[in-house]
Amino acid sequence: MKAIYNLLQPVDFVIVAIYLVILIALGWWVSFGQRKNKDQNLFLADKSLGWASIGFTMWGTNVGPSMLVASASAGYQTGIVAGNFAWYAFVFILMLAVVFAPRYLGANVSTLPEFLGKRFGENTRNILAWYTLITILISWLSLGLFAGGVLIKQLLGLDMLLSVMVMVVVSTLFVVAGGLKTIAYTSVFQMLLLIIVSLILVVLGVSKAGGLHAVYEKTPSNFWNLFHTASDKSFPWPAILLGYPIMGVWFWCTEQSMVQSVLGAKSLKQGQLGANFIGWLKILDVPLFILPGIICFVLYPHLKNPDEAYLMMVTNLFPAGMKGLIIVVLVACLISTIGASLNSVSTVFTMDIYVKKYKPEATNREIMRIGRIVTVAGALVSVSVTLAIDNIKHLDLFNVFQSVLGFLAPPMSVAFLFGVLWKKTTAKAINYVLTVGTAFCLLVGILNLWVIPSDKWPHFLLLSFYLFVVLSVMTYLISVADKKGALQIQQAAYFKSLAKPDKQVWMMWGILVAVMLGLYLIFNGH
């Protein structure tokens, strides 16, 4: 497939130039034109985010370049079953809103390691801070940059190193200049643009395929089922039902990059409504990102590399001008995802390691300076890891990404669920889970992905569930046996007086739950 750059017309370049001017102007206005308080919180947008900015920022962080390529690829191969990773998420986003957000905001923390530190002590906070840093650098920045590099390479014909460097420089400048607030404001603009362009692509594809009914008739019937049989090799229903919740709790409730926007909410209500809003936005993932792959299967059934499904649609369906617009949207996604991840790396290192361990008396100006230095350092490290990933060939993006998350998730899910839901959990148990448990999960992951053939293992989602069960049992047994830790719990500060969601929050969530249950009834039994 030729690079889209070779197919561009002068009107495409005009559209790209107009977009870049608007984006840079918007970023400058947010970063400098609005700044009045030199002591504002760069990391949490000065606690000023409303529900719309929270929802769009979380979705912008989630909808990275890997989403566009991997989701279309999954749709091309297996239909909408991969939509479970978007639609099943509403359960855990609800958990974030009503279980975790009241505790996070009630504790008045900037990071999630700080939260567990208040619950279990400084050793736990330090362990979790380093764990979070490594996780963000690998699962967000490096994998995101790799997928983005592949896209830019296909779009513009640039090599991997140059593609990655362009993305990193632009994203780093945004974070260094304006922090989370810049990302939040530009994410609203970018996500609206993404919705429009992706919708146009779907409409053009459906039209060329002969309509939605034709698309349905020309695809295997199981393409339209969210649950496949237990014998299905790609996504058996027990793996989805049992395994995804482990990943869902970690990703939506305990992952710094995702939760950070909620921590920057004006109020608990705005944070809970923002979480509800991303629940609605996640519904769009299937029609906007997976459906193009299904349509591509109808139009181009002999595609050798399913990872090219999305750009195959763009190349063949978009007229002059629209090809330039898709470049704009993809670059916007890259900047949003990478920028939010860089900001999270900066926040965790600065607040949980530098200030807490090395310079508690640091002024806000010093904190901001260190944060910017760490942002640049994190960018350089992520580029190195990305180039290393580029040497691994023949990866199925969607399944590799989900597998990596599946092995990272169990320790964090256990630590936060036990830490929040069971008051008798001790610091010793959590520290063992975050150290020994993490090492065990990573060892199993390495053996599963690189050493022992995958057909010798359970499905990676079931394996994630089994790891969660093992770590949960370990946490329970250590907590029960830890008499000294039990005595310390009585003296620990736990967040007892929690604000309750108001009627508007419950109403919005009730409507969303009803809609999601309806979708699961519709998309099964085909």
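Between which two helices does the loop that holds Ile 452 lie? In this predicted model, in which local features need pLDDT of at least 70, side-chain atom pairs count only at pLDDT 80 or more, and totals for chains, interfaces and linings use all residues, Ile 452 is placed in the loop between helix H18 (427-451) and helix H19 (460-481); helices (H or I, at least four residues) and strands (E, at least two) are DSSP runs, numbered from the N terminus. Residues are numbered from 1 along each chain as its sequence is written, and side-chain values use heavy atoms, with hydrogens and water left out.

The secondary structure of the protein chain consists of 21 helices and zero strands. Of its 526 residues, 59% count as buried, where buried means under 20% relative accessible area, exposed over 50%, and partly exposed in between (1.4 Å probe, protein chains only). The chain exposes about 21100 Å², of which carbon and sulfur atoms supply 68%; accessible areas come from the Shrake-Rupley method with a 1.4 Å probe, and for residues only the protein chains shown count as cover. Among the contacts in the protein chain with a separation of 6 or more, 86% are accounted for by residues 24 or more positions apart, a contact being defined by heavy atoms within 4.5 Å.

Ile 452 also belongs to a nonpolar patch on the surface, which it forms with Ile 446, Leu 449, Trp 450 and Val 451, and the five together have about 490 Å² of accessible area. Patches are made of residues with over 30% relative accessible area and no salt bridge, like charges being joined within 9 Å and nonpolar side chains (Val, Leu, Ile, Met, Phe, Trp, Tyr) within 5 Å. Ile 452 itself counts as partly exposed because its relative accessibility is 34%.

In soluble globular proteins, nonpolar side chains tend to be buried together. Here the largest nonpolar core has 164 residues, and those with the most contacts inside it are Trp 87, Leu 96, Tyr 104, Trp 252, Tyr 310 and Phe 416; such a core is a set of buried Ala, Val, Leu, Ile, Met, Phe, Trp, Tyr and Cys residues joined through side-chain atoms within 4.5 Å. The largest share of this core, 16 residues, comes from helix H15 (residues 322-358). When residues up to four places away in sequence are not counted, Tyr 310 touches Leu 68, Ala 72, Ser 198, Leu 201, Pro 292, Ile 326 and Leu 330.

A search of the whole structure finds 22 aromatic pairs, for which rings of Phe, Tyr and Trp (its six-membered ring) must have their centres within 6.5 Å, with planes under 30 degrees apart counted as stacked, over 60 as edge-to-face and the rest as tilted. The rings of Phe 85 and Phe 235 form an edge-to-face pair, because their centres are 5.8 Å apart and their planes stand at 70 degrees. This pair links distant parts of the chain, as Phe 85 lies in helix H4 (residues 84-87) and Phe 235 in the loop between helix H9 (212-217) and helix H10 (237-254), 150 residues apart. Phe 85 is buried, with a relative accessible area of 10%, and Phe 235 is buried at 3%. The rings of Phe 85 and Tyr 244 are likewise edge-to-face, with centres 5.6 Å apart and planes at 85 degrees; since Phe 85 lies in helix H4 and Tyr 244 in helix H10, this pair ties together parts that are 159 residues apart in sequence. Phe 85, Tyr 88, Phe 92, Phe 235 and Tyr 244 form one aromatic cluster.

Phe 235 is also among the residues touched by Thr 78, together with Asn 222, Phe 223, His 228 and Ser 234, not counting residues up to four places away in sequence. Thr 78 is located in helix H3 (residues 65-78) and is buried, with a relative accessible area of 13%.

The count of salt bridges comes to two, each requiring a side-chain nitrogen of Lys or Arg within 4 Å of a carboxyl oxygen of Asp or Glu. In one, the side chains of Asp 502 and Lys 269 meet at 3.2 Å, N to O; Asp 502 lies in the loop between helix H20 (483-489) and helix H21 (503-522), and Lys 269 in helix H12 (residues 268-283), 233 residues apart. Asp 502 counts as partly exposed at 31% relative accessibility, and Lys 269 is partly exposed at 31%. The side chains of Lys 282 and Asp 285 meet in a salt bridge at 2.5 Å, N to O; Lys 282 is buried, with a relative accessible area of 3%, and Asp 285 is buried at 3%.
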